[in-house]
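Please open the model in your viewer and keep the selection panel at hand. The tour below goes from one selection to the next and says what is found at each stop.

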Amino acid sequence: MKAKLFCASLLCSLVLACAGFMGSHKDDITVHEWGTFTSVQGGDGILLSWKPLQTSKLPGFVHNWTKPGLNLQAGGLFAFGKGSMMSLQRMETPVIYFYGKQEQTVDVTVQFPRGIITEWYPQVAEIGPSFVPRNSTLTSADRMIHQVGALTNVSLADYFGAKDVTNSMAHWANIQISPKASSRGASSELLTDASGSHYFAARATDSLLARTRSLSPTNSAYEYDKFLFYRGVGNFATPLKVTMPSEDHITLTNNDASALPHLFVITVSGQSGKFSHLASLAPHQSISVPFDKAASLLPMETFKKDLAKELASSLVAQGLFPKEAKAMVNTWKDSWLEEEGMRVLYILPRPWTDGTLPITIKPQPKELVRVMVGRAEIIPPDIQHNLAAKLLKAGQGDAQAGDEAQAALKKLGRFAEPAFYKALESISFTNMDNSRLQALLTKVKASD
């Protein structure tokens with residue numbers, strides 16, 4: 001009995017010590033976050049479902065639901081395969097930076113109630129929705145403590161073991177933030193990956209290293225980077241609606257109760273591009289912007305340089321540090337500035353971000369900046385109609401039209417599939433072989 005009481009007392013002391021340690025730090029940290037939400041829509045403003053995970057380019061060390069670690073069971077969320085998931089929104093590359101002058105231990109929880117977090121790094125203490133087997137040792141310790149009447153409302157499994165998570169969230173626990181480790185050149189030891197990705201450019205900042213345990217039952221080594229990273233998908237609308245009532249005008253409508261700052265209407269065509277910059281769009285306001293696809297196109301290098309500069313300035317105006325803004329633009333420059341097509345980039349209101357991605361940081365930072373960019377990828381009516389005409393002929397056996405449709409779809413890159421199905425909406429399938437069209441789309445996707 002004495003041995004049981006001693007063990008219970010020791011375990012209780014460890015719990016209380018951990019709780020006290022986590023709450024003892026001074027609130028001197030600064031936290032900055034940026035990320036993007038990407039959607040696809042036709043010229044009528046209707047959001048299109050697409051497969052945002054199919055072309056994700058991330059390094060192999062990033063955790064996802066095919067290799068989550070932590071002995072997790074995802075409850076079948078991804079049993080159907082990453083490439084088959086359809087959604088309206090891709091939450092791309094939110095990264096959370098830390099700054100401070102002293103060593104800190106920090107906890108961060110991000111909730112995503114209208115979506116699912118699909119990738120993350122470093123390893124989290126909890127990710128959900130998920131289910132985990134119970135740890136028999138901790139369960140036995142809980143039973144022993146409760147039998148002797150100690151801490152009947154406390155579960156050691158909740159403190160030291162993984163537990164079921166019923167809501168959509170990511171929780172990083174006991175993150176060590178160290179200015180000393182950062183200044184010793186530990187950044188040179190950060191993991192790299194030979195594959196191309198939208199990941200590494202985000203490291204080009206003055207942020208501190210964030211280190212946490214991998215929590216592997218066989219080798220609980222440290223995982224660390226200059227930020228916390230996560231991605232996700234969801235089925236909801238962002239505040240901006242874009243319509244093209246005519247070939248020469250585009251209408252931007254703000255459906256939110258807060259203003260949308262810094263909107264960029266962008267067109268990329270071959271080796272040239274153009275953009276227009278609107279400073280703000282008031283709540284529930286619509287504005288018509290003249291649009292001439294062929295007019296005032298700039299050579300690609302000039303276009304990219306000018307747009308990158310204005311984008312970075314807009315991000316700094318919203319609170320990001322200059323290096324963070326540059327890192328964000330560099331992360332997405334091949335997608336924002338080089339991908340063929342038409343898109344609108346804009347900064348999402350902070351209240352919308354906080355409601356879509358509630359975040360809790362302990363201890364509370366002295367400053368929290370969150371800058372999310374919305375990306376509305378547009379399938380203009382002329383592209384939709386031209387594609388529909390080619391698909392109609394291809395479905396009737398016209399081989400040349402099939403080649404032309406395939407070339408048009410390839411130019412749309414990862415947005416080819418939603419454009420394909422949008423075009424099919426206006427086609428009559430009488431006297432047409434739909435299998436030819438599906439085979440055409442399969443060829444396009446196989447060539448990516």
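Is leucine 441 buried or exposed? Select leucine 441 to begin: this residue is buried, with a relative accessible area of 2%, where buried means under 20% relative accessible area, exposed over 50%, and partly exposed in between, computed with a 1.4 Å probe and protein chains only. What you have open is a predicted model, in which local features need pLDDT of at least 70 and side-chain atom pairs count only at pLDDT 80 or more, whereas totals for chains, interfaces and linings use all residues. Residues are numbered from 1 along each chain as its sequence is written, and side-chain values use heavy atoms, with hydrogens and water left out.

Leucine 441 is found in helix α11 (residues 434-446); helices (H or I, at least four residues) and strands (E, at least two) are DSSP runs, numbered from the N terminus. Leaving aside its neighbours within four places in sequence, leucine 441 is in contact, meaning heavy atoms within 4.5 Å, with Glu417, Phe420 and Tyr421.

**Helix α10 and its cover**

Next, select α10, which is mostly covered, with 8 of its 9 residues buried. The buried residues are Ala416, Glu417, Pro418, Ala419, Phe420, Lys422, Ala423 and Leu424. To see what covers them, display β1 (30-42), β2 (47-48), β20, α8, α9 (399-411) and α11, which are included in that cover.

Keep α10 (residues 416-424) on screen together with α8 (residues 381-395): the two helices pack at an angle of about 75°, with their axes 8 Å apart. The axes are lines fitted to C-alpha atoms, for helices over the stretch in contact, and angles run from 0 to 180 degrees between N-to-C directions. That angle makes α8 roughly perpendicular to α10, a term that covers 65 to 115 degrees, while angles under 35 count as roughly parallel, over 145 as roughly antiparallel, and the rest as oblique. On the α8 side the contact is made by Gln384, Leu387, Ala388 and Leu391, and on the α10 side by Ala419, Phe420, Lys422, Ala423 and Leu424. These residues divide into 7 nonpolar, 1 polar and 1 charged, where Ala, Val, Leu, Ile, Met, Phe, Trp, Tyr, Cys and Pro count as nonpolar, Asp, Glu, Lys and Arg as charged, and the others, Gly among them, as polar.

**Arginine 375**

Now move to strand β20 (residues 367-379) and select arginine 375 in it. Arginine 375 is buried, with a relative accessible area of 1%. Leaving aside its neighbours within four places in sequence, its contacts include Phe37, Thr38, Ser39, Trp336, Glu339, Arg343, Tyr346, Arg414 and Phe415.

**Backbone exceptions**

Most residues other than glycine have a negative phi, and most peptide bonds are trans. Select glycine 128 and proline 129, and the peptide bond from the former to the latter is cis, with omega near 5°; proline 129 lies in strand β7 (residues 126-130). The bond from lysine 362 to proline 363 is also cis, with omega near -5°, and proline 363 is found in the loop between β19 (359-362) and β20.

For positive phi, select histidine 262, where the value is near 55°. Histidine 262 is placed in strand β14 (residues 260-269) and counts as buried at 16% relative accessibility. Histidine 284 likewise has a positive phi of about 55°, but it lies in the loop between β15 (272-281) and β16 (286-290) and counts as exposed at 59% relative accessibility.

From histidine 262, step across to glutamate 310, 48 residues apart in sequence and 9.5 Å apart in space, C-alpha to C-alpha. Glutamate 310 is found in helix α5 (residues 300-317) and is partly exposed, with a relative accessible area of 31%.

**The whole chain**

Finally, zoom out: the chain has 11 helices and 20 strands, and of its 448 residues 50% count as buried.
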